[in-house]
Amino acid sequence: MDLVKWVKIQALYDSEKQAQKTANIVATTEARLANQQHGPQYEVETRVDQIDGKWQVFWRKVFIGNKTDCGGGCQSCSDSEPKPKKSTGKVLPFLQYCLSLKKRQWFLCKNRCL
């Protein structure tokens, strides 16, 4: 495994609490950006150091493996496009009869049926 260099955030914080809050935000954001649904997975490590009375945040990405699939069985991540659903509506018998008539008869039948 390659050793990844620490990235230094330029901002300095007055309290360790502020620096830790920033470290948590960086870890969450970078992990979301680095990880791919099907591919390399990373863990983001952070550390907070005190430098000249101020606090500074450092972070790095650590490769933890490849994810080949979700391992579920839901079929939600298949490569094929979803098939359109076929309409299962029914034509009411009296409308079916009306639709089978010629134009003038259909108009009269429609007014009676509907």
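Helices (H or I, at least four residues) and strands (E, at least two) are taken as DSSP runs and numbered from the N terminus. By this assignment the protein has 3 helices and 3 strands, which follow one another along the sequence in the pattern β-α-β-β-α-α. The model is predicted: local features need pLDDT of at least 70, side-chain atom pairs count only at pLDDT 80 or more, and totals for chains, interfaces and linings use all residues. Residues are numbered from 1 along each chain as its sequence is written, and side-chain values use heavy atoms, with hydrogens and water left out.

The 3 strands form an open sheet in the order 1-3-2, with antiparallel pairing; two strands are said to pair if DSSP finds at least two bridges between them. Strand 1 (7–13) and strand 2 (40–51) stand at the edges, each with a single partner strand, so one side of each is left without a neighbour in the sheet. From one strand to the next the twist averages 25°. Strand 2 is joined to strand 3 (residues 54–66) by 12 bridges, and these two strands run antiparallel. Asp49, for example, has Gln56 as its bridge partner in strand 3.

Helix 1 (residues 16–34) packs on the sheet and touches strand 1, strand 2 and strand 3, contact meaning heavy atoms within 4.5 Å. The direction of helix 1 makes about 165° with that of strand 2, where axes are lines fitted to C-alpha atoms, for helices over the stretch in contact, and angles run from 0 to 180 degrees between N-to-C directions.

A residue is called buried under 20% relative accessible area, exposed over 50%, and partly exposed in between (1.4 Å probe, protein chains only). Of the 114 residues of the protein, 19% count as buried. In helix 1 the buried residues are Ala19, Thr22, Ala23, Val26, Ala27 and Ala34. Seen down the helix axis, the buried residues of helix 1 fall within an arc of 145°, so they line one face of the helix; the arc is that of the directions from the helix axis to the C-beta atoms. These buried residues pack against strand 1, strand 2 and strand 3, whereas the face turned away from the buried side carries the exposed residues Lys17, Lys21, Ile25 and Arg32.

Val57 lies in strand 3 and is buried, with a relative accessible area of 0%. Beyond its neighbours within four places in sequence, Val57 is in contact with several residues, including Ala19, Thr22 and Ala23.
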